[in-house]
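Have the model open in your viewer and let's walk through a few parts of it together.

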Amino acid sequence: MPIDVARARADTPGCENRIHFNNCGAALMPETVIDAVKNHIDLEAAIGGDEAAEAARASIDNVYASVARLLNCAPEETAIVENATRAWDMAFYAMTFRPGDRILTAVAEYASNYIPFLQVARKTGAIIEVVPNDDSGALDVDALEKMMDGRVKLIAVTHVPTNGGLVNPASEIGRVAKHHDVPFLLDACQSVGQIPVDVQAMGVDMLSATSRKYLRGPRGVGFLYVSKAWIEHLEPAFLDLHAATWVSPTHYKVRTDAKRFENWECNVAAKLGLGAAVDYALGWGMEAIYERVTVLSQLLRTQLHEISSVNVHDQGSHQCGIISFSADNLDSTGVVQCMKERGINLSVSNASSTRLDMDRRGLGAVARAGVHYYNTKNEIARFVQALADVCHMNV
Ligand SMILES: *Cc1c(COP(=O)(O)O)cnc(C)c1O
């Protein structure tokens with residue numbers, strides 16, 4: 001079933017105000033998400049925060065079931081935490097590394113993953129190795145295969161990087177990881193919500209994602225998937241009375257489900273909003289969402305190519321809803337500012353977010369347009385016209 005765009009837009013109050021192409025920064029929430037968050041805040045105000053959480057217990061449990069449906073895993077394999085970064089951290093910092101252990105990652109890795117690699121490498125003597133790209137700019141799976149040996153302790157890769165339309169070949173990476181029995185940690189922060197993500201089909205052992213980007217949920221909440229097989233091998237770096245139980249004066253017992261990666265206090269309203277966002281996405285169907293995002297992003301990319309002073313920077317043979325570009329006559333911050341003044345939301349991705357990739361390509365920053373299924377061809381046309389106008393001005 002194709003997306004009913006008119007209904008999607010009617011469900012999205014923010015559509016009326018602006019052309020929102022910052023879905024890779026934070027997408028517009030649909031009404032059902034806004035209601036879930038607001039209703040819980042109202043309930044907290046009316047009866048008390050603990051009492052509201054108690055009253056919402058069944059709905060809270062359902063959030064895990066929804067996330068599990070989205071990813072094709074069991075609810076016990078999901079943890080809901082503050083954001084994607086903390087989700088990723090809870091998995092990564094639970095691993096133990098010894099001198100000479102190898103961590104394999106991708107060129108387009110995100111700063112908040114690479115900085116922890118650097119820290120852990122410094123503290124443990126583990127070695128970070130970057131799998132080269134193929135000619136298209138995606139992770140080269142043959143090169144990865146050749147790098148595998150008994151010292152590889154982790155493959156940690158970003159599915160869709162923060163700085164453009166590249167989709168790394170996660171399923172092929174997962175096959176290599178499975179073949180060598182090495183855990184595979186996938187940062188799916190930019191892919192979940194725009195691309196169907198099936199952790200079992202993809203051979204992913206751990207996956208992190210956020211609520212506010214392509215899933216269209218509220219800010220300040222994200223989630224982690226850890227496969228049943230890996231949960232018991234990963235004792236989190238931080239524990240509290242929710243992740244573990246103090247069973248005697250000298251002993252504690254860590255939970256056996258993925259909630260060991262959570263901590264007790266959380267934003268219940270945001271958690272419920274995440275659940276509503278997942279249910280809403282599943283209501284459209286991830287295949288239908290993916291199809292429309294693909295059509296719109298290809299249209300936008302094609303039209304940007306036609307503006308002579310605009311350079312499109314997306315890599316890979318498989319590309320998604322994020323379009324990265326720069327203009328010859330104006331820096332990316334300036335482009336984003338000019339578009340904002342025209343009611344069009346974009347965002348900037350700086351070199352420090354994906355240092356290896358940006359330095360190799362000599363890019364200081366790129367402007368990002370992340371289209372979603374509720375965007376329209378008309379919005380794309382208006383954006384391209386506005387950008388062409390700005391690019392032909394002498395700023
Ligand atoms: C935004 C982003 C993150 C971090 O997500 P938060 O929810 O802000 O922690 C991680 N990885 C990638 C690729 C991102 O784009």
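Start with helix α4, residues 57-71, in this predicted model. Its 15 residues should span 21 Å at 1.5 Å a residue, and the end C-alpha atoms sit 22 Å apart, which agrees. Which of its residues are buried? They are Ile 60, Val 63, Tyr 64, Ser 66, Val 67, Ala 68, Leu 70 and Leu 71. For the pattern, remember that an α-helix has 3.6 residues a turn, so residues three or four places apart point the same way. Just past the end of α4 you'll find Asn 72, which takes a positive phi of about 60°.

Now have a look at helix α15, residues 377-392. The buried set in α15 includes Glu 379 and Cys 391 along with Ile 380, Phe 383, Val 384, Ala 386, Leu 387, Ala 388 and Val 390.

On to the strands. There's an open sheet of 4 strands, ordered β11-β12-β15-β14, with antiparallel pairing. β11 (310-312) and β14 (347-350) are the edge strands; each has a single partner, so one side of each is left without a neighbour in the sheet. Ignoring direction, neighbouring strands in this sheet are turned by 40° against each other on average. Helix α13, residues 332-341, packs on the sheet and touches β12, β14 and β15 (365-370). The direction of α13 makes about 35° with that of β15. As for the pairing of β11 with β12 (residues 322-327), it is antiparallel and runs over 3 bridges. One of the details to check there is Val 310, whose bridge partner in β12 is Ala 327.

Elsewhere, β9 (residues 244-248) and β10 (residues 251-254) run antiparallel and are joined by 4 bridges. A hairpin of 2 residues connects β9 to β10, and Trp 246 stands opposite Tyr 252 in β10.

Finally, the ligand. What comes nearest among the 13 residues around it? That would be Thr 85, Thr 162, Asp 187, Thr 210 and Lys 213. Here are some distances to ligand oxygen atoms:

| Residue | Atom on the protein side | Distance to a ligand oxygen atom |
|---|---|---|
| Ala 84 | backbone N or O | 3.1 Å |
| Thr 162 | polar side-chain atom | 2.8 Å |
| Thr 210 | polar side-chain atom | 2.6 Å |

Notes:
Residues numbered from 1 in each chain as written. Predicted model: local features only at pLDDT ≥ 70, side-chain atom pairs only at ≥ 80, totals over all residues. Heavy atoms only, no water. Expected span 1.5 Å × (residues − 1). Buried < 20%, exposed > 50% of the residue type's maximum accessible area, 1.4 Å probe, protein only. Pairing = 2+ DSSP bridges. Axes fitted to C-alpha atoms, helices over the stretch in contact; angles between N-to-C directions. Contact = heavy atoms within 4.5 Å. Near = heavy atom within 4 Å. Polar contact = N/O pair within 3.5 Å; in protein donor to acceptor, adjacent residues only side chain to side chain.
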